[in-house]
Amino acid sequence: MTTTRENRIPPGQQLVAPGKWPIIGERLPTETESPWSLTIKGEVDTPISLSLEQLSSFPQTTRTMDIHCVTRWSMLDTTFSGVLLNDLLSSTGVKPNARFVSFQARSKRKHATSLTLETAIDLNTLIATEVNGEPIDTSHGGPIRNIVESRYFYKSVKWLEQIELLPTDRLGFWEAESGYHNEADPWQEQRYMAPTIDRRTSLRLIETRDFSNRELRSIDASQRNLAGLNANNASLRDANFSGTDLSNADFTTANLSNAHFHNANLCNAVFLNADLEGADFSGADLRGANFTGASLIGASFISSQHGATNGAQIDKTTQLPPAAIAPLFPEQLQYVNKAMG
Ligand SMILES: Nc1nc2c(c(=O)[nH]1)N[C@H]1C(S)=C(S)[C@@H](COP(=O)(O)O)O[C@H]1N2
Ligand SMILES: [Mo]
């Protein structure tokens with residue numbers, strides 16, 4: 001297979017503008033005052049704690065790879081340098097019952113992710129300290145982050161301070177809290193685990209038109225009449241609202257990352273401070289909708305995914321302030337700006 005630009009972009013992903021690497025999730029580690037150390041523990045023969053200097057004395061590896069975020073942005077050809085996990089584990093030794101590896105951050109929520117040890121080694125997991133020849137910026141996980149190629153980017157933990165080998169899996173933060181898929185292969189679009197909400201519960205909730213403050217990840221609310229829905233502060237990642245009447249719905253501070261609004265009626269809907277990363281608004285009616293304060297990294301307003309090219313209805317009454325649309329993909333921004341006139 002030849003590697004053209006196109007066949008390096010997994011399904012449902014779009015390229016960020018050159019030089020625009022978004023910051024996703026936590027923005028800072030807990031503290032950077034005390035000297036950084038990286039601990040390797042659990043099912044290893046010799047647990048160790050390494051300073052940055054000690055880490056730099058291991059053989060250094062450089063790999064150029066493509067990044068794919070679950071919120072639908074991709075960035076090609078990023079070069080990371082650091083130490084291969086495999087090289088670190090050669091010095092600690094691995095006990096026979098080690099089957100999983102957990103990566104944990106020095107951050108408020110002890111952000112973590114995990115992989116099978118086999119996958120982590122096969123994918124050349126890099127304990128990276130540099131990106132494109134420079135130390136990794138704090139906002140992107142410096143001084144140390146693990147980098148896992150060929151998996152959605154949530155498998156790459158920022159501000160890495162602990163690697164633990166485990167006999168059984170321990171789900172990571174997003175995997176446990178947000179239903180992110182534990183395997184995370186972008187080529188198979190493994191974004192979320194199967195929905196946990198059963199059909200009867202969703203039908204009953206749809207009837208009440210009150211989703212406020214609820215956890216309804218991946219709910220199927222497509223082709224419904226949900227005009228005036230109260231979804232204030234609801235957690236609706238990956239929710240399917242395709243073709244649904246959501247006129248006058250209130251999604252203030254809701255989490256709608258990767259939600260599907262294809263062909264929905266969103267006239268006068270309110271998305272104040274909502275998380276709309278990776279959401280699909282193609283073909284939706286957005287007249288009078290308000291996106292003030294919303295996060296639109298990776299969101300789409302025009303798409304050719306559903307066959308013919310299908311743009312959202314946007315006009316002067318659609319409130320898409322400059323700050324909200326700034327992180328859009330170039331083609332998306334162009335479409336939105338033109339539609340707003
Ligand atoms: N410590 C920590 N690491 C994290 C996250 C986080 O919130 N905290 N978010 C993950 C997610 S979902 C993504 S897409 C990438 C984003 O990395 P970036 O901000 O450098 O683009 O970091 C991953 N690692
Ligand atoms: Mo992500």
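Predicted model: local features only at pLDDT ≥ 70, side-chain atom pairs only at ≥ 80, totals over all residues.
The space within the second largest pocket amounts to about 420 Å³, and 28 residues form its lining, with I24, G25, E26, K158 and W174 lying nearest the centre of the pocket.

Backbone geometry was examined next. The peptide bond that leads from G142 to P143 is cis, with omega near 10°, and P143 is placed in the loop that runs between strand 9 (134–135) and strand 10 (145–147).

Positive phi values are found at two asparagines. For N124, which is not a glycine, phi is positive at about 55°, and the residue belongs to the loop between helix 3 (117–122) and strand 8 (126–131). Because its relative accessibility is 28%, N124 counts as partly exposed, a class that covers values between the 20% limit for buried and the 50% limit for exposed residues. N268, likewise not a glycine, has a positive phi of about 60° and is located in the loop between helix 5 (199–208) and strand 12 (302–303). With a relative accessibility of 41%, N268 therefore also counts as partly exposed.

Terms used
Residues numbered from 1 in each chain as written. Chains lettered and ligands numbered in written order. Heavy atoms only, no water. 1 Å grid on protein atoms, 1.4 Å probe; cavity = no way out; pocket = protein on both sides within 12 Å on 5 of 7 lines; lining within 4 Å. Points joined across faces, edges and corners; volume = space filled by probe spheres on them. Helix = DSSP H or I, 4+ residues; strand = E, 2+ residues; numbered from the N terminus. Buried < 20%, exposed > 50% of the residue type's maximum accessible area, 1.4 Å probe, protein only.
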